Amino acid sequence: DEAAANAEESEERQAMTGMLGPSERTLNSSAAIAGLPADVARYFEAYSERAGLLVPIRAKFCKKHGRIVARFDHYCYLLGNSVGELNHGRFWLLLVLQVTTIWLGRSIVRSVHVHAPPRSLSSAWNAPLLLVEIVCYLTGIPLSVLFVIHTYLALCGVTTHEFLRNDHLGYLDGFFEFSCPFSEGPIENLRRFFCPRLRLWPRPLPQSQWPETWWRNRYYACCC
């Protein structure tokens, strides 16, 4: 049976991958990339033994659901899904909705507080409202910070994965956290963020070879 044979081959490949050390896996990935034409190899970073596919630049194999995620940003445990190229904009919109709802709810709660002397019976009605207000602060402040971070990432064309693991990604060798080598300007970055289409990202050029533009040149850098 062909399906059974393919499944057995896949299991064997995964078993072999588990026995390989990190250096051997790196050699396998390097060999796979080196065997490609130069104009094709610049779009790929490694070879995933588990997926049996080449991993494109900016993508990552997510162990949680066993798939390669394009322009991987992070895995959200609350949503139970990866955030990547096709849904990062919708994740940002979800943050906007959550932050707006929480702070609007907090303002409504504040407006219905009962103004009464501290030790009067009427002031007891404020106890549950105070509890709701505390919950609003505990959830609203972290989500607001997350909203600001992802707004910055959208403007600069960066992902959380690249920002936090800059030193561990081969295609970012020689760059710093705020280099933003994939930025195409704030307007184009936002267009790709909110109207995404799958694409292969080429390996970025060294900073010395970057073209000068209105948002990034030798004198200043705006949104990277």
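Reader: Which helix holds Tyr-152?
Author: In this predicted model, local features need pLDDT of at least 70, side-chain atom pairs count only at pLDDT 80 or more, and totals for chains, interfaces and linings use all residues. Residues are numbered from 1 along each chain as its sequence is written, and side-chain values use heavy atoms, leaving out hydrogens and water. Helices are DSSP runs of H or I with at least four residues and strands are runs of E with at least two, both numbered from the N terminus. On that numbering, Tyr-152 sits in helix 5.

Reader: What is the relative accessibility of Tyr-152, and how does the residue count?
Author: Residues under 20% relative accessible area are buried, those over 50% exposed, and those in between partly exposed (1.4 Å probe, protein chains only). Tyr-152 has a value of 29%, so it counts as partly exposed.

Reader: How many Å separate the C-alpha atoms of Tyr-152 and Pro-186?
Author: Along the chain, Tyr-152 and Pro-186 are 34 residues apart.

Reader: How are helix 4 and helix 5 oriented to each other?
Author: The axes, lines fitted to C-alpha atoms over the stretch in contact, come within 9 Å for helix 4 (residues 88-111) and helix 5 (residues 126-156) and cross at roughly 150 degrees. Angles run from 0 to 180 degrees between N-to-C directions; under 35 is roughly parallel, over 145 roughly antiparallel, 65 to 115 roughly perpendicular, and the rest oblique. The pair is therefore roughly antiparallel.

Reader: Which residue classes make up the contact of helix 4 with helix 5?
Author: Ala, Val, Leu, Ile, Met, Phe, Trp, Tyr, Cys and Pro count as nonpolar, Asp, Glu, Lys and Arg as charged, and the others, Gly among them, as polar. The contact of helix 4 with helix 5 has 16 nonpolar, seven polar and three charged residues.

Reader: How much space lies in the largest cavity?
Author: A cavity is a set of points on a 1 Å grid over the protein atoms alone where a 1.4 Å probe fits but cannot get out, and lining residues have an atom within 4 Å of a point. Points are joined across faces, edges and corners, and the volume is the space filled by probe spheres set on them. There are two cavities of 30 Å³ or more. The largest cavity holds about 100 Å³.

Reader: Which helix gives the largest share of the lining of the largest cavity?
Author: The lining includes Arg-58, Arg-71, Glu-85, His-88 and Trp-201, and by class it has four nonpolar, three polar and five charged residues. The largest share, three residues, comes from helix 7 (residues 186-194).

Reader: What value is phi of Arg-71 near?
Author: Arg-71 is in the loop between strand 4 (67-69) and strand 5 (74-76), and at 9% relative accessibility it counts as buried. Its phi is positive although the residue is not glycine, at near 45 degrees.

Reader: What value is phi of Cys-180 near?
Author: Cys-180 is one of the residues lining the second largest cavity, where about 80 Å³ of space lies. It falls in the loop between helix 6 (160-164) and helix 7 and is buried, at 2% relative accessibility. As a residue other than glycine with a positive phi, Cys-180 is near 55 degrees.

Note on methods. 1 Å grid on protein atoms, 1.4 Å probe; cavity = no way out; pocket = protein on both sides within 12 Å on 5 of 7 lines; lining within 4 Å.
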